[in-house]
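Please have the sequence and the 3D view open together.

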Amino acid sequence: MKHLVSFGVLAAFAIAPAALSQTPHGEAQGRHGSVTLSAGFPDDPRTFAVQAGGAMRASRLGGSGCVGFITEDPTFVLTYEDAGDVFDLMLSAASETDTTMSVRTPDGTVLCDDDSAGNLGPGITVEGPASGAYEIWVGTYSAGGGYPDTALHISELAYSTANPFARTVNAEAPPATTLSLRAGFRNDPASIEVSQGGDVRLGPLGTACVGFGSEAPSARLTYRAGRYQLYISTESERDGTIAVRAPDGTWHCDDDGAGGLDPGVTFAEPQSGDYLIWAGTFSDIGEQTAVLHVSEIGYAGLDNSVDVSGTPHDGSYRLETGFSPNPFAMGVRVGGPVNAQLALASGHTVVEGFCYGHMTREPTMRLTWTGNGEPLYISAASDIDTLLLVNAPDGGWWCDDDSAGNLDPGLVIDGASSGVYDIYVATFSSDETSTATVYISETGWGADAVSMRVDTTLEPLFGAVTLDPATVNLPYEAELQAGGPLRAFQAGFHSHDYCVGHISREPSYIVNWTPDGELPFTIYLDAERDTTLAVMTPDGSWRCDDDGSVGLNAGINFPAGEPGMYYVYAGTFGAQEAPATLYVAEGEAPR
């Protein structure tokens with residue numbers, strides 16, 4: 001936000017007691033210089049090269065809204081002379097990172113700003129400025145960002161977002177090393193040692209570009225393209241980044257795409273020509289050493305592709321609705337050489353979950369399913385921590401780690417369509433192998449196929465009530481036991497809210513809300529433990545809450561409560577059940 005402050009108003013503010021002690025005016029020294037300007041100065045704006053940032057919080061200066069990190073001494077000092085009521089004083093800064101500004105005026109008042117100049121640059125305007133020394137601190141919004149090259153602009157006309165002092169990469173500079181390859185080259189990957197990191201920010205190159213590199217390219221790859229994909233990555237003991245300028249001038253950047261903390265970029269249809277490569281580091285730690293890998297197989301020459309059409313390792317099976325016995329169980333081998341995160345990083349659609357782990361290239365097993373839109377439960381049980389990755393008939397991927405409990409994965413595909421499901425059972429480590437049992441069911445996970453879903457058709461555990469606020473005194477209270485064996489995120493709520501906690505399969509309580517028209521009301525809990533709530537409303541939608549009432553108690557507000565049946569599930573955040581009081585009241589839950 002812009003500060004428009006008259007000088008007379010400034011004098012009314014007092015500096016906070018905890019403010020940093022001031023250097024007497026006239027004695028302050030700017031770390032990056034000082035200047036004396038008279039009102040109406042020519043060549044407006046005056047621009048000065050400074051470095052933003054520091055280790056001290058700007059809030060220590062004592063001004064209102066001071067954010068960011070600064071040095072103890074001012075970044076710059078402006079001595080403003082012959083002030084009058086003709087010009088305002090406009091101070092702004094521009095950098096390649098998010099900067100902030102703090103200014104101590106001649107009377108000791110501290111003004112602060114974050115983004116008023118635009119492009120994450122700060123701007124402060126003083127109306128009717130007084131003559132005297134203006135101590136200016138230019139900070140970085142976040143800590144640990146180093147000291148980025150920044151332009152400080154002093155004007156009586158406008159803010160500026162220009163930064164002529166920003167260092168950037170130079171594509172015309174000679175590369176540190178060169179490499180020439182043609183499609184189908186032998187000894188894949190081609191690997192060479194390169195310099196990694198530097199003092200030039202890679203961020204201005206594009207939204208995916210992060211870290212620090214050198215001004216000149218780390219390497220130039222001259223490539224004659226063919227029918228193969230091109231993989232460019234670096235490997236080092238540091239958190240690396242990479243920026244590649246393709247022959248057509250486009251920039252391609254990455255942080256951790258090659259696995260671990262190693263970066264990599266892929267060209268699905270590479271062009272012939274020069275690829276300029278900057279090997280960077282995520283943090284400003286100076287120049288390091290890395291190995292640059294160029295491959296047509298995969299990052300570092302490792303093939304991390306999957307083949308869902310390949311022959312499954314442990315068989316193909318057909319099931320249809322109503323199959324018996326339930327669940328269907330099959331022993332399989334788990335793990336493999338393919339990094340799932342890299343395999344599904346591009347060209348694949350992940351419908352649910354996070355896909356990682358190590359698996360085989362071909363499916364572990366294949367299920368041809370014939371159903372009528374019922375839920376399909378797929379889980380695995382093993383003596384090691386396993387993961388599930390399932391490619392559904394529409395090509396989307398479903399992934400899970402521990403939802404079936406005891407480090408066992410479980411997936412439920414609602415409205416499962418008929419077709420082929422390619423099932424992969426993965427391990428965390430590439431060198432870890434074991435066996436597992438895959439369970440397929442229409443009711444639940446594991447050997448018992450116990451349902452993990454709530455069932456609103458069951459009798460409520462603690463009662464039901466019809467409430468008409470015109471005839472019943474509210475709030476209504478009911479004692480119950482919160483918690484249960486089901487985990488809320490698996491219970492099939494399909495809510496836009498975040499559903500957590502442990503609940504019962506049966507409703508805890510049913511509230512038949514019967515006002516004359518829609519009326520705001522609330523349902524909340526009071527207990528000595530951390531409670532959660534899930535409520536199915538009359539239109540069939542679900543609402544969930546964790547801490548919407550007093551303390552750690554759950555509460556859900558219905559601003560326009562529709563008359564009808566509300567199925568209430570009282571949960572606990574932890575697995576242990578607890579006594580609780582259910583309240584139904586007009587208005588909102590107490591906070």
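What is the volume of the largest pocket? About 660 Å³. This is a predicted model: local features need pLDDT of at least 70, side-chain atom pairs count only at pLDDT 80 or more, and totals for chains, interfaces and linings use all residues. Residues are numbered from 1 along each chain as its sequence is written, and side-chain values use heavy atoms, with hydrogens and water left out.

## Pockets

A pocket is found on a 1 Å grid over the protein atoms alone, as an open set of points where a 1.4 Å probe fits, with protein on both sides within 12 Å along at least five of seven lines. Lining residues have an atom within 4 Å of a point. Grid points are joined across faces, edges and corners, and a volume is the space filled by probe spheres set on the points.

The lining of the largest pocket holds 25 residues. Nearest its centre lie Glu352, Ser403, Val412, Phe489 and Gln490. Two strands, E32 (397-400) and E33 (410-413), each supply at least two residues of this lining. Helices (H or I, at least four residues) and strands (E, at least two) are DSSP runs, numbered from the N terminus. By class, the largest pocket has 12 nonpolar, seven polar and six charged lining residues. Here Ala, Val, Leu, Ile, Met, Phe, Trp, Tyr, Cys and Pro count as nonpolar; Asp, Glu, Lys and Arg count as charged; the others, Gly among them, count as polar.

The second largest pocket has a volume of about 440 Å³. Its lining comprises 22 residues. Thr266, Tyr299, Leu342, Ala345 and Ser346 lie nearest the centre of this pocket. Strand E21 (264-267) and helix H2 (340-343) each supply at least two lining residues. H2 gives the most, with three residues. The classes in this lining are seven nonpolar, 12 polar and three charged.

## Disulfides

How many disulfides does a search of the whole structure find? Four. A disulfide is a pair of cysteine sulfur atoms within 2.5 Å. With the bonded cysteines of the protein chain numbered in sequence order, the pairing runs 1-2, 3-4, 5-6, 7-8. Three of these links are set out below.

| Disulfide | S to S distance | Torsion about the S-S bond |
|---|---|---|
| Cys209 and Cys253 | 2.0 Å | about 70° |
| Cys355 and Cys399 | 1.9 Å | 90° |
| Cys499 and Cys544 | 2.1 Å | 80° |

Start with Cys209 and Cys253. The torsion about their S-S bond is about 70°, so this disulfide is right-handed. The pair links distant parts of the chain, 44 residues apart. Cys209 sits in the loop between strand E15 (200-201) and strand E16 (212-213), and Cys253 in strand E20 (residues 251-254). Both cysteines, Cys209 and Cys253, are buried. Buried means under 20% relative accessible area, exposed over 50%, and partly exposed in between (1.4 Å probe, protein chains only).

Next come Cys355 and Cys399. Their link is right-handed as well, with 90° about the S-S bond. Cys355 lies in the loop between strand E27 (350-352) and strand E28 (358-359) and Cys399 in strand E32, so the pair ties together parts that are 44 residues apart in sequence. Strand E32 also supplies lining to the largest pocket. Cys355 counts as buried because its relative accessibility is 11%. Cys399 is buried at 3%.

The link of Cys499 and Cys544 is right-handed too, with 80° about the S-S bond. It connects distant parts of the chain, 45 residues apart. Cys499 is in the loop between strand E38 (486-487) and strand E39 (502-503), whereas Cys544 is in strand E43 (residues 542-545). Cys499 is buried, with a relative accessible area of 10%. Cys544 counts as buried at 7% relative accessibility.

## Two residues in their surroundings

Is Gly561 buried or exposed? Gly561 counts as buried because its relative accessibility is 1%. Gly561 lies in strand E44 (residues 555-561). Contact means heavy atoms within 4.5 Å. Leaving aside neighbours within four places in sequence, Gly561 is in contact with Trp513, Gly517, Glu518, Leu519, Pro520, Phe521 and Tyr566. Gly561 and Leu120 are 441 residues apart in sequence and 43 Å apart in space, C-alpha to C-alpha.

Where does Phe41 lie? In the loop between strand E2 (34-38) and strand E3 (46-51). Phe41 is buried, with a relative accessible area of 7%. Its contacts, leaving aside neighbours within four places in sequence, are Arg46, Ile154, Ser155 and Glu156. The C-alpha atoms of Phe41 and Thr177 are separated by 50 Å, and the two residues are 136 residues apart along the chain.
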